Amino acid sequence: MITRQRLAAGACVLFAALTTGLAVPSTALADETTAAAPKVNLVLDVSGSMRATDIDGKSRMAAAKQAFNEVLDATPEDVRLGIRTLGANYPGDDQKRGCKDTAQLYPVGPLDRTEAKTAVATLAPTGWTPIGPALLKAADDLDGGTGSKRIVLISDGEDTCAPLDPCEVAREIAAKGIGLTIDTLGLVPNTKMRQQLSCIAEATGGTYTSIEHTDELTDRVNQLVDRAADPVVTPVAVEGAERCAAAPTLKSGLYTDREEFGQQRWYRVDVEPGQEVRASVSVSADRAVNPAYGVLLRAVTVHGREIVRGEAAGNNRTDVISTGLRYPKAESDTDEEVVAETVCLQVTHSFSAASGVQTTPGLPLELTVDVVDGPSPADDVASFGLGRGWWLLAALVLTGFVAGLLWGWVSRWRVAVWRTN
């Protein structure tokens, strides 16, 4: 009897140990998934100016609520989303109190759409515009985790809580190195507000967008939330050379550099026979520049012979201009040792600084390099200039020839019958 009890107890202990052993990895996996989840904090200006009725015939607050409801419906399941307000609770004239008026309306975490919509429905335009303090609190809301972190600030006016400059706050957040991006959206913007919101976005590598219609607000916030869910690729800093011989050799990847006005940057890529190099470059104007500009990306041999080029031009309607190229290297037909070809990539832009604008540091450029297996002959190499269409043309010619013979024979037979009758 005692032996049976000991066996039973041992079996229970063994089962418990196995159960624990199986449960721990599952729990650990769940924790890792949660830690890596992307986080987005929507920061909404609920100051008194949001009462203005100049967005599609309704108030700015009503337009923001409608947009938020549609965004909440479209938020991906893996995104941890929160909502923070500024100027929503204190209606008085005390600036010291008004500049502390920021609160987490919905905590950053798994999204309960009904609860979040209910919270949004309670909002009413109230007080001040403490953008700086709200950004500091919003960054704290996103603390922890290894996934991407993004703040989306929506405001209809500049900060009213000087001397705390929200642009300096954004720079402080960027300096912490926590990988947080701030995107800003200006409702019915004016010049001063546009400058301030642009400065906040640029400090963290984010974007600024002017909004004048409800559907624009919905679409843009949806894009930014979806972007947070995309895998994050961090560019590798590289310094191009003034000539190909001294240029750094790049592998497949995303790179960032700066190029002075009137300068050219060189990079090297090794391409094996049967491989294809695909490269693209984007140059952005992070300061005022003169209209009419362009960017040129060339692939040349080490001896200076141009292989292929890509170029694009702009006229001051956008602050980023991009172009790209492809170069497939044919496979070797000999049995000799295969030697990689060095391809030199040259980046040149024709931006020019506006009067009184500093020319240093250079404009930021982003270079993408992909070295992949080349296309197969059947897929990408033309045959007599027609590719796969050659076979179709041959079939059509043969069909037409046979049809012509048959039609001629039938016609002669009908004429012969008519003459006989």
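This is a predicted model: local features need pLDDT of at least 70, side-chain atom pairs count only at pLDDT 80 or more; totals for chains, interfaces and linings use all residues.
Visitor: How many salt bridges does the structure hold?
Guide: Welcome, and let's start with a cut-off: a side-chain nitrogen of Lys or Arg has to lie within 4 Å of a carboxyl oxygen of Asp or Glu. By this rule, the count of salt bridges comes to 14.

Visitor: Asp-156 forms a salt bridge with Arg-60; how many residues apart in sequence are the parts that the pair ties together?
Guide: The closest N and O atoms of Asp-156 and Arg-60 are 2.8 Å apart. Asp-156 sits in the loop between strand S4 and helix H6, while Arg-60 belongs to helix H2, so the parts tied together are separated in sequence by 96 residues.

Visitor: Is Arg-60 buried or exposed?
Guide: Buried means under 20% relative accessible area. Arg-60 has 11% relative accessibility, so Arg-60 counts as buried.

Visitor: Which strands does the salt bridge between Asp-183 and Arg-150 tie together?
Guide: The two side chains meet at 2.3 Å, N to O, and both Asp-183 and Arg-150 are buried.

Visitor: Which residues are joined with Arg-298 into one network?
Guide: Glu-306 and Arg-298 meet in a salt bridge of 2.8 Å, N to O. Salt bridges that share partners then join Arg-298 into one network with Glu-306, Arg-309 and Glu-311.

Visitor: Which helix gives the largest share of the negative surface patch?
Guide: The patch gathers Asp-56, Glu-70, Glu-212, Asp-215, Glu-216 and Asp-219. Asp-215 is partly exposed, at 49% relative accessibility, and lies in helix H8. The largest share, 3 residues, comes from helix H8.

Visitor: And what is the area of the nonpolar surface patch that includes Phe-401?
Guide: Phe-401 belongs to helix H10 and counts as exposed because its relative accessibility is 54%. Together with Leu-398, Val-402, Leu-405 and Leu-406, Phe-401 makes a nonpolar surface patch of about 520 Å².

Technical notes: Residues are numbered from 1 along each chain as its sequence is written. Side-chain values use heavy atoms; hydrogens and water are left out. Patches are made of residues with over 30% relative accessible area and no salt bridge: like charges are joined within 9 Å, nonpolar side chains (Val, Leu, Ile, Met, Phe, Trp, Tyr) within 5 Å. Accessible areas come from the Shrake-Rupley method with a 1.4 Å probe; for residues, only the protein chains shown count as cover. Lys and Arg count as positive and Asp and Glu as negative; His and the chain ends are not counted. The place of a charge is taken as NZ of Lys, CZ of Arg, CG of Asp or CD of Glu. Helices (H or I, at least four residues) and strands (E, at least two) are DSSP runs, numbered from the N terminus. Buried means under 20% relative accessible area, exposed over 50%, partly exposed in between (1.4 Å probe, protein chains only).
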